Amino acid sequence: MEAHLYEWANLLIRWLHITVGIAWIGASFYFNWLENHLEREGPKSRGVAGTLWAIHGGGFYYLQKYQVAPEQLPEHLHWFKWEAYYTWMSGFLLLFVVYYLNAGTNLIDPSVAELSPLTASLIGIGVLILSWLVYDGLCRSPLGRRPALLAAVGLVLLVALAWGLSQIFSGRGAYIHVGAAIGTCMVANVFFVIIPGQRAMVDAMTVGREPDAARGLAGAQRSRHNNYLTLPVLFIMISNHFPGTYGSHWNWLILACLMASSLLIRHYFNIRHLPRPAKIALPLAGAAGLIALILLTTPAGPAPAEAGLPPVPFSRVESIVKERCAGCHAAHPDFAGFATPPKGVRLDTPAQIRAHRTRIGQLAVTTSVMPPGNITHITDDERALLARWLQQGPEHDSENSQTE
């Protein structure tokens, strides 16, 4: 029952997180698109910075953006904040359920660092807080008035964070905490800068004062930062499905390259309306970086089996898999916290083990991300034996089965 309830909690929180995240990211992308497509030339009403006509859902829309604020405060004013708040709250709850309640399997890797679950969890929470304090301090410093330099420093610090966390947590745990740190900064931008600035402007208009344009500019800066950071966060949200990234020895560098490529691509979409002849180089450079990353991370083919070594008996492989893997990957897992086999992969029978030989090789040999946190204590010799089994090819399995 406990495992069943845990699985449903994971599902419902993840579903909520994705739903409110889509609402937040959708609004962010839309308003940045709107900003980039405003018609700023030609006659406009007093105080209007730009206008835009649009058609959607069978109707026409006419929008205006003011340089600071309208002369009179409208009766109905829509705020965009709860999407961001709910995204962070559901994300932190998911972080707690998946990583902190299961720190021994999902967050800690004994081959990286020996940590207690409490220590690892406190480090993770501390990273979120410290990341915001550093980022906010940089934005408020003189560096904040130099956007390009601020972006470069921010990227360097993100890469340093990815490297540092990869020396403490499992690859999966390091990735998710980089994403959580970025997401925390994004939501804190909304809570501490964007919404207070907008509220100050509204309060000023309510009492008849001229709104402070500087508050609006600060909010615009943080909003643009959030826009650029969205693509790296989205990748990290799905990264746990791709052990070839977080499971690599160079996982932090892979993440750095993916973040840099996605930022170049996002920058192109933010400036493509501007008359800059070299802007097409941005998505091309981002795509080239991704292609180079794909080529550089191509796993080497299986090494030839050492001469003189006998074929690995399939019974030995089956014994390792049943002892080290089938506690979770079974029709009825006996490992605490699992009501069903992860991702529906079962390794109960010889046929199932043979059918999943490629995935076993990827997760238990090439990247060693399974078992998570090496919770079942698979040995290097057992991994080496699995590697030999993979090298000899599936055709030997039936031969071994006949001679065992």
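User: Which residues of α1 are buried, and what covers them?

Analyst: The model is a predicted one. In α1, the buried residues are A3, N10, I13, H17, V20, G21, W24, A27, S28, N32, L34 and N36. Their cover includes β1 (48-56), β2 (59-66), α2 (82-100), α6, α7 (213-238) and α9.

User: Why is N10 called buried?

Analyst: The cut-off for buried is under 20% relative accessible area. N10, a residue of helix α1, has 15% relative accessibility and therefore counts as buried. Leaving aside residues up to four places away in sequence, N10 touches L94 and V98.

User: How do you know that the span of α1 is close to the expected one?

Analyst: The expected span is 1.5 Å times one less than the number of residues. Helix α1 (residues 2-37) has 36 residues, for which 52 Å is expected, and the distance from its first C-alpha to its last is 52 Å.

User: What does the corresponding comparison give for α14, and which of its residues are buried?

Analyst: Helix α14 (residues 380-392) has 13 residues and reaches 19 Å, close to the expected 18 Å. Its buried residues are E382, R383, L385, L386, A387, W389 and Q392. Just after α14, G393 takes a positive phi of about 85°.

User: What makes α9 and α10 roughly antiparallel?

Analyst: Angles over 145 degrees count as roughly antiparallel. The axes of α9 (residues 251-271) and α10 (residues 281-296) cross at roughly 160° and come within 8 Å; the two helices are therefore roughly antiparallel to each other. Their crossing is left-handed.

User: Which residues form that contact, and how do they divide by class?

Analyst: From α9, the contact includes I254, C257, L258 and S261. Among their partners in α10 are L282, P283, A285 and G286. The residues of this contact divide into 12 nonpolar, four polar and no charged.

User: What is the packing angle of α5 and α6, and which hand does their crossing have?

Analyst: Helix α5 (residues 147-166) and helix α6 (residues 171-206) pack at about 145°, with their axes 9 Å apart. The crossing of α5 and α6 is right-handed. The contact is made by L158, L161, A162, L165 and S166 of α5 with A174, H177, V178, A181 and I182 of α6. By class, the contact has eight nonpolar, two polar and no charged residues.

Conventions: Residues numbered from 1 in each chain as written. Predicted model: local features only at pLDDT ≥ 70, side-chain atom pairs only at ≥ 80, totals over all residues. Heavy atoms only, no water. Axes fitted to C-alpha atoms, helices over the stretch in contact; angles between N-to-C directions. Helix = DSSP H or I, 4+ residues; strand = E, 2+ residues; numbered from the N terminus. Parallel < 35°, antiparallel > 145°, perpendicular 65-115°, else oblique. Left-handed = near helix turned anticlockwise from the far one by under 90°. Contact = heavy atoms within 4.5 Å. Nonpolar A, V, L, I, M, F, W, Y, C, P; charged D, E, K, R; others polar. Buried < 20%, exposed > 50% of the residue type's maximum accessible area, 1.4 Å probe, protein only.
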